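Open your viewer and get ready to click through some selections. Each stop tells you what to pick and what you'll find there.

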Amino acid sequence: MRFLNRSAGRISRHRRGPLAGLLVLLLGLLLTGGLYTVFAPAQADTTASNEELVQEGRELFLVNCSFCHGQNGEGVRTVDGNQLGPSLVGVGAAAVDFQVGTGRMPMAQPGQQAPRKKPTFSDEETAAMAAFVASLGPGPAIPDESDYSIEGLSAEEREEAIVRGGQIFLTNCTACHNFTGSGGAMPRGGYAPRILDVEPRYVYEALLTGPQSMPNFSNGNLTPEEKRDVIAYLESLRDDPNYGGFGMGGLGPVAEGMFAWIVGLGILVGFAVWIAAHSTRSKKEKVEA
Amino acid sequence: MTSHEGENLPEKRPGSGELTADPVSDPGLPAHTWRPTDVDARAEKRAERQIAAMFGLSAVCTVLFVVSYFTLEIGEVTTTIGGLGASTVALGLSLAGALLFIGIGIIQWARKLMADHEMIEMRHPASSSPEDREATVAALNTGIEESGIGRRPLVRNSLLGALGVLALPVPVVLLRDLGPLPGDALTKTIWSEGMRVVRDVTGTPIRAQDLQVGDLVNAEPAAIFETDEEGEPLVEGVELHVAKSKAAVVLVRMEPDDIVHGEGREDWAVDGILCYSKICTHVGCPISLYERTTHHVLCPCHQSTFDLADSARVVFGPAARPLPQLPLAVDSEGYLVAQSDFDEPVGPSYWERDSR
Amino acid sequence: MTIDTSKVADSNKSAATARKPGKLGAVGTWADDRLGLATAMRKQVRKVFPDHWSFMLGEIALWSFVVLLLTGTFLTLWFKPSMAEVTYMGSYDQLRGIHMSDAFASTLNISFDVRGGLLMRQMHHWAAMLFIASMMVHMMRVFFTGAFRKPRELNWVIGCLLLLLGTLEGFTGYSLPDDLLSGTGVRAADGFVKSMPVVGTYMSFFLFGGEFPGDVIIPRLYVAHVLLLPGILLALIAAHMLLLVYHKHTQWPGPGRTEQNVVGYPLLPVYAAKAGGFFFIVFGVTAFMGGLLGINPVWKYGPYDPSKVTAGSQPDWYMGWPDGALRIMPGWESHIGPFTMPWNVFLPIIVLPGLAFTILLLLPFIEAWITGDKRNHHLLQRPRNAPTRTAVFVALMTFYGLMWAAGGNDIIAIVLGFSINQITYFMRAAVFIGPVIAFIITRRWCISLQRADNDKLLHGYESGVIMRSAEGGYTERHLPIDGGRAYTLTARDRDEVAASRGETDANGVAAPGTGRIEKLRLRLNRGWYGHNVQKPTREELEEAHHHAEHEHELQAGLDHPADGHQFDGHHTVEEEALRGGKN
């Protein structure tokens, strides 16, 4: 056997090298890890039993939510009869998924308006708390994607859904949330938030559960198909290009007027100043020919 | 430092238009100074080239405009650029360039190359000269004298009378058919006894148990969705809009304990479900901004706020009257129906409105 | 009209003297043989116009009007002013199959199926906004500089009418597409009409051809928008320009400028070039905005439906202030027998704008009455030199601005996080208190600016060089302003408070014009002028200069105007006595 295997390929030469074993070990680890990730159960709650989930949720609830909502979600009233946190019996998993998933809960301070903020809990924790609250009393469940997506429909049905969704949107939603979902003012500092880029699941849950001051649009009010149509319309609004140029926030004539004055008049007055300004002067004298 | 207030206010009548040039006398127009383009031939040529280049750029933009028009699509398939509609943006920017470059070029021409000596022109008084005035007055007088209008009151007055009778009544009368007289149209809506309350857009009737506490339904009278044997709508077009503009309602369900019934209105609600006119009593915008926790509904137009738990009385804003309430009942199949039309006119106030 | 041309021909040398024997060319000769144009054009071709940027604000309005005519004509080629119901089958997917008026459907067609259509629609809308905004800015310039005084009061009146009609034109225009937002505005307009006593419902039914919404309002608004109002606007603009040419433009005071002359540049070529170039610039900026900034996306609003509405329902900005008045008005309604009088709508939307417009129209005449000034004025006043007039207008602007902000109270609420209720309460008080505060502050500010001007005249300008004396005291060196600037600062009238005439004569007969109205006028006159600071007299000026030389040797002035480079080494100053007369 020759000492230097020059005729073999470059990789071959390294096969018996000292690092080869290490490399094989690493590859093996990667492979098994990857296979595990692909084939292992996706979420803890699909494998853990419902009872375990409810128990986990209960523990989270006691620590984070019971101060305002009571140890059994029965709600807490202050001495003056004001409400610190409403009863959660019967609000259903959908309400928890919405409130906690959008970061509204836990609230920074009690009040009517719960602004959306960075969620405090992970998806698993949210699901656990949702299961616990669902166990308190029957209420709306977290919707399935098929509930709010028009994926499975034919092209014609999709278009019909979007058109109908638009009419429902304009009748029920734009009064508070504005024609393009940019939000609107409500009394005493409240507001209906921007909904144009909210996840479809949360839109569905908000319609179903009527969070904070928002009215309910229960399934007896807007059927699940109608909710799906509204969501489809919102998505189409989001996916549409701005046909006429930048949208300036989608706030209507007030923003347009501001731009007319600041941009339009500003530029034109700037031009006027330039036109009438004295041009550069020279020190030389003109030699009359 | 001494105050000059009141010191220099001589109490006399103003002069005849001469400006008091005290205390500094007019130094006259400053001497003309030249621009670089006037004295330096190179600067002049450079300015000329600059201006010509602007006009050239404008032409380039025009070409871009024409190209964009024919290549960028709109309609079914819209070309986009950066999330914006490409056709509009490209046409707009190229048109803007084409126009702006011409404008800037012309202005630069005026500023850099056209003669910029300041000139003086004398003003003339706005009024005519006394001679002109006299002559005109004399001419007018002669004319009027010759017409005899001063000396012939019969002719004059009868002409004025005829003109007056013609000018005022004829155009006014011709406009009579602009529209029908109001009559009592504003006092009624399409609602009637036993008419079902249906969901807007879909037209489906509503049962009380469909609604939960906190629900807000935008609703209409069933008449709006009725069709004839061929499936054609019975109320459509103008009639539909006129009907909707007075008949649109909102249904809200709240805890029965929260409701403060109006006088004689105890049986107008069904299981805590109340029905109110959707048309604001201020100037008629439709309202459905409902806060379920306070039971207040807000109008987006001028922020009138009504308390739906208390017969929709006004709690804030420029509205003067509560929203009319539609009395509800349940029909034999369990659907919500109206007991009758509204008991007062819907919408904005007007002069003949019964004072209630 | 006969115009005295003798003075003009004498003074404006370039006007009437041709260098070569008149050579008009064939076309010119043909036209002149029939129209006598040369006589009419003789003085106008080289007419002198003064140069200042603030004189171009009215041009913005003029050129935006031209842009409106051009883009509007484009739109009329496709727009269908009909409320007949059609089923939309165009390119905008989200509305396919929906019943809508033909007006809305044709607007969608223009936006999505006509190339350049959306651009033209947006340019038209932006130009309308610029038209009214520039008219307002122009009006402010005219008022603050006193350009509305005799002989130009009528031009002011015409201008105010143009502003009013422009606003109406805008309202009718944006209502034409019959979309949800503008339709809500038309609904509100119906409410306004109904609020009028006695005739309200009749006017509403006549306007809409029956009950709201009817099917004729869009065609009627269309006729007003493309025929009636533009016709009147064109006629008024022509009259406005004619008066401007006849009276000649006002000018700022300065060296060589008097009440009897105009100093500037000739119409041909300089002004024609500047104005013509500015037209292209206005057009270009409108195209830029129309292409890049989306405005009024009617497809998102959808067709008008009386049971639909959007949050943030506002009219276009120029109708914002009456909307604000409407929002902050308390809900007052009275019942007079069997009749209802809705004050909550009638007062803010019918009475207030009518009153405001009337006051605006009458401002020149009110000022002329108070000041008793019957002279012609062709030289402008700096706003600071008419403190009361400036303060009055700033107060009016404050009122306007607060109402305007109140009209956007819900947008302010969501953008800034306020409560609409609090904003409304605040505005209810602010619209009364704000103008008063603005008046007081503005007047004092103008008067202190007048004092600053006088300081400059008497003591020179602050050169920024601090000198330290031997005793350790610091003073700032002042240098005299040059003659031209000094003249500009003093080229204004002294204010003259009207004298009160004797009350009664020997027989106890009251002098004519001494009644209560005249007494009121005198009081107002004293208030108008009383606080103003007047320019120094020649004696005061000389005394001040004397002072500078003798008492403050450090502040010795130069014997020629300083050019500002005395102390920075920019050029040599060896011969100049800069430091107390000794080098």
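## Stop 1: chain C and its domains

Start by selecting chain C, which is divided into domain 1 (6-41) and domain 2 (48-303 + 313-326 + 340-381); such bounds come from an automatic or database domain assignment. Colour the two separately: the centres of domain 1 of chain C and domain 2 of chain C, taken over C-alpha atoms, are 38 Å apart.

Before you go on, a word on what you're looking at. This is a predicted model, where local features need pLDDT of at least 70 and side-chain atom pairs count only at pLDDT 80 or more, while totals for chains, interfaces and linings use all residues. Residues are numbered from 1 along each chain as its sequence is written, and chains are lettered from A and ligands numbered from 1 in the order in which they are written.

## Stop 2: two helices within chain C

Now pick helix α17 (residues 409-416) of chain C and helix α18 (residues 420-459) of chain C. Helices here are DSSP runs (H or I, at least four residues), as are strands (E, at least two), numbered from the N terminus. How do the axes of these two helices cross? They come within 9 Å and cross at roughly 125°. Axes are lines fitted to C-alpha atoms, for helices over the stretch in contact, with angles from 0 to 180 degrees between N-to-C directions. That's why α17(C) and α18(C) are called oblique to each other: angles under 35 degrees count as roughly parallel, over 145 as roughly antiparallel, 65 to 115 as roughly perpendicular and the rest as oblique.

Show side chains for N409(C), D410(C), I412(C) and A413(C) in α17(C), which meet I420(C), I423(C) and T424(C) in α18(C). Two residues are in contact if their C-beta atoms, placed from the backbone, lie within 7 Å. By class, this contact has four nonpolar, two polar and one charged residues. (Ala, Val, Leu, Ile, Met, Phe, Trp, Tyr, Cys and Pro count as nonpolar, Asp, Glu, Lys and Arg as charged, and the others, Gly among them, as polar.)

## Stop 3: where chain C touches chain B

Bring chain B into view. Here 122 residues of chain C are in contact with 96 residues of chain B. Which helix gives the most to chain C's side? Helix α12 (residues 267-292) of chain C does, with 16 residues. That side of chain C has 53 nonpolar, 43 polar and 26 charged residues.

## Stop 4: chain B by itself

Hide the rest and colour domain 1 (36-113) and domain 2 (188-338) of chain B. Their centres, taken over C-alpha atoms, are separated by 57 Å.

## Stop 5

## Stop 6: chain A meets chain C

Chain A has 13 helices and four strands. Select helix α13 (residues 253-276) of chain A and helix α7 (residues 117-144) of chain C, whose axes come within 10 Å and cross at roughly 70°. So α13(A) and α7(C) are roughly perpendicular to each other.

Finish with the side chains: G257(A), A260(A), W261(A), G264(A) and L265(A) in α13(A) meet residues of α7(C) including W126(C), M129(C) and L130(C). The contact of α13(A) with α7(C) holds eight nonpolar, three polar and no charged residues.
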